[in-house]
Amino acid sequence: MSKVIYEFELPNKTILEIEGEQGKQAEATAKAKDYIKQNFNQTAQPEDLSALDVAKDVGVSAASGTYKGLSYIPGIAGDIEQLGNQFLPKFLTRPIGSFFDPSVSKEPTQVLPTSKQIRGYAETVVPQLKFLGEYEPKTTIGEYAQTIPEFAAPGLLGKTKAARKFAVGLGAGTGATYETIENLTGSPLAAVGISLPGSIAASYFFGPTTAARLSEKAFQNVTKQEIDEAIALETIAKTEDIKLLPGELLEDKLVNQLTQDVLSSEKGAPYIYEAVKGRPRLAEELAEKQANKIADMPESQRQVLKSIQETAKSSIIKSQTERRAAAYNAGYKVANDQTIDTSQALNIINNIDNLIQQSAPNSANFKKLKQLRKELVIKKGKTETPVTNINILDDVFKTYRDAVKDSRKNVATEKRFIQKDLSRKLFNNEKTGALDILVDTLNTNPSYKKANEVFEELSKTLVNVVKDNTSVLAREGLDLTAIEKFVFNPTTAKPDDINKTLKILNASNPEATKQIANVYFRNAINNAFPLVKEGEDLTQGFKLIQKIVGTKGQEKNFMAVLDNVADAHGLPKVEFKVGFKNMINILERTGRINNINKPGFDVQGIAARTLAKDLAMMKTFNPLVRLATKYGELKAGGAMDSLGRIMANDNSVASLVELGRTNPQSKAAISRVLNIINFVSPTTERFDIPTPTPLIEQSMTE
């Protein structure tokens with residue numbers, strides 16, 4: 001191999017020439033460094049410099065190291081190629097053409113630019129950078145200040161903030177280790193040999209944890225809006241001292257499964273169970289607090305039901321009174337001197353006489369018709385004069401009309417009772433009955449007709465509406481089942497129906513509206529929190545909500561009732577319902593973890609896995625296999641322990657999201673890249689490996 005002369009600039013600006021074999025620049029460089037150490041005081045001690053000089057040295061050294069480190073990012077491919085050209089067998093790095101054409105150079109070629117060449121290109125554009133690229137620290141602290149950022153800067157390639165922070169720290173640690181070993185041994189090779197394995201080990205032990213990987217996987221399909229809503233609900237639940245788990249707060253199967261797995265584990269279960277074990281008592285206290293906003297606990301439920309019934313009855317009576325008064329004012333009570341024609345009165349009496357003739361003598365119908373006829377005439381001796389006064393005739397009509405209605409309902413007294421066949425002769429659908437003719441005749445009076453129209457209109461729009469919406473509550477023997485079905489069951493009632501019913505009751509007695517909600521809600525609480533022989537049931541809060549708002553229809557009905565309770569209290573509806581909505585949102589989530597009542601671990605499952613591992617390990621004497629198995633168990637247990645702690649804290653969703661956002665893949669990826677860069681690029685720098693002429697320059701020369 002031919003001899004060449006390598007030139008090195010000495011600290012006194014003179015040139016040192018060292019003869020060596022071509023391609024052995026590293027050996028020549030080592031000789032030059034030994035010469036400089038023997039003949040020049042190259043590295044001054046801090047005490048030889050002023051504090052300002054030391055500070056300047058540290059600052060410039062740090063900038064120099066950062067400049068070099070950043071050049072490694074675009075230059076890594078070229079540095080790897082350069083390293084291969086130096087250490088791989090020559091036939092692997094020769095140009096392909098040299099194998100076939102003797103005229104082609106057999107020396108290694110460089111396709112990609114190295115980090116040093118990239119700095120050279122940059123320095124042609126910004127000449128001031130050359131000073132940083134060639135700067136040699138004057139102090140020991142300056143050497144560290146240069147080396148640490150040189151190794152740390154490539155960590156900026158990390159895709160996430162957490163990954164970059166991790167990688168920069170890892171690189172800085174590697175750089176500090178490298179500088180320490182090089183100072184102690186004076187050997188870059190020894191420094192690389194120790195710092196690189198240390199970096200690999202650090203990236204493994206301080207890289208993404210199993211817990212972080214599990215968290216990231218669980219939250220991969222959860223949106224930011226879902227996370228924000230879960231965090232908000234977790235905060236609301238916390239104000240009620242109720243702990244909700246991530247798998248309950250988020251409607252995501254992966255998060256739910258992770259929560260169940262941690263709760264099933266031996267390591268994670270204790271933290272979670274400790275956080276939720278008092279939940280049934282707290283859920284009941286929350287429900288009772290909301291119940292007290294409706295009304296106090298009644299001393300007697302029977303009295304409450306009786307009060308509701310009486311209020312419903314009074315509402316019906318009130319509507320009838322209003323109808324009667326309106327009709328009276330409209331014209332029912334006409335002036336006492338207003339009459340119908342005598343001929344009209346005789347026509348009414350003739351219809352009654354015809355019915356009397358058609359009836360069996362001395363029968364009940366015969367006697368009732370005789371009684372009716374008697375009230376339609378004025379007898380003076382043997383002379384009969386028909387009644388023509390409208391007010392008297394109206395009283396007769398209403399008396400028999402009401403008697404017919406009561407008889408059809410079987411509520412008329414014996415004296416007032418009218419048999420069915422006679423009632424059909426008095427009133428019928430064709431309006432040809434004797435009393436139909438009577439009222440038609442009365443309607444020939446304009447005032448009386450208007451009164452009838454008002455009466456009929458109010459019957460439809462007032463009395464019938466009140467009866468339709470309160471008759472069930474007005475019945476004798478009212479019970480809670482009837483209230484539940486009539487008010488809260490969506491198959492028989494809708495919010496509009498509820499609003500009509502409770503507005504009617506509110507107008508008569510607001511307390512009745514409060515008590516309808518009160519007895520229903522308190523009864524649901526009583527049924528949802530029974531004593532259980534297995535111990536406390538952590539899903540009891542869910543059972544309460546299932547009872548009162550088990551379906552969307554039930555929830556709408558319950559909210560409609562609360563709207564009217566708010567009116568009864570004279571409170572804003574939205575403000576009054578906030579606490580109930582929060583309660584529903586909190587308690588409906590307390591039943592979403594299947595194994596919430598079975599914390600701990602699966603004894604049979606663990607036993608089976610342990611047996612399988614023991615059988616596998618019996619087949620080998622390799623202690624590393626045994627150690628790896630135990631380490632796997634330790635890692636899994638550690639992850640469950642970490643996740644259990646996180647899930648048990650008050651900010652579990654945000655903490656898990658933050659853990660998953662460290663992006664384990666990015667951490668692992670940047671640690672691999674960083675270790676490659678910090679092995680290749682600083683090595684090529686420190687061993688001064690010669691860079692073959694790039695193919696582009698070679699072709700241009702040719």
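Which side chains meet in a salt bridge at 2.8 Å, N to O?

**View 1. Arginine 645 and aspartate 641 in helix α29**. The side chains of arginine 645 and aspartate 641 meet in a salt bridge (2.8 Å, N to O), the term standing for a side-chain nitrogen of Lys or Arg within 4 Å of a carboxyl oxygen of Asp or Glu. Because these two residues lie 4 residues apart in helix α29 (residues 623–648), about one helical turn separates them; helices (H or I, at least four residues) are DSSP runs numbered from the N terminus. This is a predicted model, in which local features need pLDDT of at least 70 and side-chain atom pairs count only at pLDDT 80 or more, while totals for chains, interfaces and linings use all residues. Residues are numbered from 1 along each chain as its sequence is written, and side-chain values use heavy atoms, with hydrogens and water left out.

**View 2. The salt bridge of glutamate 588 and arginine 589**. The N to O distance between these side chains is 3.0 Å. Arginine 589, at 11% relative accessibility, counts as buried, whereas glutamate 588, at 23%, counts as partly exposed; buried means under 20% relative accessible area, exposed over 50%, and partly exposed in between (1.4 Å probe, protein chains only).

View 3. Leaving aside neighbours within four places in sequence, glutamine 290 is in contact (heavy atoms within 4.5 Å) with Phe521, Gly579, Phe580 and Met583.
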